[in-house]
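Work through the exercises below with the sequence and the model at hand. Each task is followed by a solution in steps.

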Amino acid sequence: MPSIVIVGAQWGDEGKGKIIDYLAGRANVVVRAQGGNNAGHTVIVEDKKYAFHLLPSGVLYNDKLNIIGNGVVFDPEGFLKEIKVLEDQGIDTSSVKIDERVHVIFPYHKRLDALQEEARGEDQIGTTKKGIGPCYMDKIERSGIRLGEMLDQEEFKSRLYPQVERKNQIIEKIYDGEGFNPDEIYEDYCRYADALRKYVTDTTVLVYDALKDNKKVLFEGAQGTLLDIDLGTYPYVTSSHPTSGGFCIGSGVGPNMLEEIIGIVKAYTTRVGRGPFPTEEDNETGDLIRKKGNEFGTTTGRPRRCGWFDGVMVKYTSRINGLTSISLMLLDVLSGFDKIKMCVGYEYNGEVLQNFPSSLKVLSQCKPIYKELDGWQEDISQAQSFEELPENTRRYIEAIEEYTGLPVSIVSVGPKRSQTIIRGKMF
Ligand code: GDP
Ligand code: IMO
Ligand code: MG
């Protein structure tokens with residue numbers, strides 16, 4: 001049952017798309033299991049850049065099955081746009097399958113997302129405004145509409161109209177916003193349903209059968225562990241489970257079917273949206289990392305907040321995901337720094353914390369304790385092996401391994417497939 005789980009082990013945008021695309025070359029199936037088109041996964045192939053939001057990042061290979069599992073919240077309009085962009089370039093997307101259980105994002109979800117953010121004022125989360133939170137709210141409230149239901153016109157109509165009526169009440173009476181005409185939504189979504197029908201199936205069977213047949217399955221995390229609704233920096237989180245456990249629920253597989261669990265980790269730390277960030281460098285250092293790493297959101301274009309590698313955080317995300325190794329990303333961005341800092345503890349109220357705190361109040365008062373390492377000046381973007389890396393680069397990798405207790409099984413030195421160093425066997 002060869003399977004590899006790729007999970008973001010920081011606050012998202014760690015480079016999951018690049019690694020999924022790289023490993024998909026060796027896999028048979030790629031599975032998304034949570035989140036929606038709040039994700040932005042970049043894949044670069046032969047100088048061509050693709051940004052995937054809902055589509056699994058294995059879609060550029062035409063012989064892989066690309067699955068959107070039951071735990072995803074699904075925006076039909078966004079999906080069909082992404083498909084069209086690829087088809088216009090002659091890329092075959094017939095390998096994409098969507099689970100009939102995915103919850104559908106409607107226009108009222110997006111509007112509510114924006115209105116709720118506005119109403120939070122100073123306490124805004126900084127969501128992507130894609131309707132993710134409101135759609136998961138309906139799911140948990142047990143009033144959501146699933147894709148399978150949307151494909152049945154009668155059933156869809158009977159579910160949609162009362163739902164629009166309820167949402168209009170909230171939009172108009174609580175937020176003083178403009179409601180929706182249900183006929184328009186119904187017509188648009190019936191058109192989407194016709195276009196989507198060929199992709200929709202029970203994907204839990206496909207994933208199970210693939211694993212039973214010893215096919216290689218890659219599970220593609222979206223967002224990152226610190227954005228998990230339970231284990232992340234609540235309330236500055238997303239509304240799903242971007243942790244390894246989320247794959248069991250979000251694609252219908254048992255935990256014993258997950259074999260390797262690789263944490264995708266930047267050689268530094270970034271965050272989009274609000275919330276505490278102990279190692280943030282809101283200064284020239286952060287600006288330099290942002291510039292060198294081109295740290296601007298793939299989905300919203302927002303500048304990402306930047307800072308040093310936080311070992312306390314990665315130790316935490318390693319523990320709660322059961323990581324078996326780390327894929328260390330964007331290491332090339334750190335070339336040129338005289339000194340590189342790595343956080344190896346938090347100072348809080350005169351005490352040293354080694355465990356990532358659950359309280360945001362505590363986290364926001366934590367001061368990072370840094371280990372300082374000598375940097376390297378060389379351009380490492382063409383390195384093909386660990387041995388080819390400068391000595392100080394190797395020392396940095398070893399310091400991360402030592403502190404986290406995890407092997408660094410992949411080192412990424414650039415955004416392209418060829419800029420990937422694999423250490424040991426992978427699939
Ligand atoms: P994801 O959401 O985790 O898939 O990550 P994003 O695609 O949002 O952001 C990662 C960014 O880093 C993208 O622009 C990638 O092309 C880029 N990238 C990935 N790996 C590397 C690397 O090793 N070096 C550099 N310089 N860029 C990288
Ligand atoms: P990928 O898959 C980084 C952040 C938003 C916001 C919070 C809640 O590309 O790593 P939401 O729209 O989900 O309700 O927003 O989560 N966020 C991400 N940050 N990468 C992502 O995805 C993200 N998806 C959501 O910025 O702080
Ligand atoms: Mg991203």
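Helices (H or I, at least four residues) and strands (E, at least two) are DSSP runs, numbered from the N terminus. The model is predicted: local features need pLDDT of at least 70, side-chain atom pairs count only at pLDDT 80 or more, and totals for chains, interfaces and linings use all residues. Residues are numbered from 1 along each chain as its sequence is written, chains are lettered from A and ligands numbered from 1 in the order in which they are written, and side-chain values use heavy atoms, with hydrogens and water left out.

**Exercise 1.** Describe the interface between domain 1 and domain 2.

Step 1. An automatic or database domain assignment sets the bounds: domain 1 covers 3-98 + 200-260, domain 2 covers 103-196 and domain 3 covers 265-422.

Step 2. Over C-alpha atoms, the centres of domain 1 and domain 2 are 23 Å apart. Counting heavy atoms within 4.5 Å as contact, 23 residues of domain 1 and 21 residues of domain 2 take part.

Step 3. The buried area (accessible area, 1.4 Å probe, that two parts lose on being put together, summed over both) is about 1,800 Å², with 66% from carbon and sulfur atoms.

Step 4. A salt bridge is a side-chain nitrogen of Lys or Arg within 4 Å of a carboxyl oxygen of Asp or Glu. Between domain 1 and domain 2 there are 2 salt bridges.

Step 5. Strand 6 (73-74) and helix 2 (76-88) each give two or more residues to the side of domain 1 that touches domain 2. Helix 2 gives the most, with 4 residues.

**Exercise 2.** Which residue forms a salt bridge with Glu117, and where do the two lie?

Step 1. The partner is Arg120, with the closest N and O atoms 2.6 Å apart.

Step 2. Both residues belong to helix 3 (residues 107-120), 3 residues apart, about one turn of the helix.

Step 3. For accessibility, buried means under 20% relative accessible area, exposed over 50%, and partly exposed in between (1.4 Å probe, protein chains only). Glu117, at 1%, is therefore buried, whereas Arg120, at 32%, is partly exposed.
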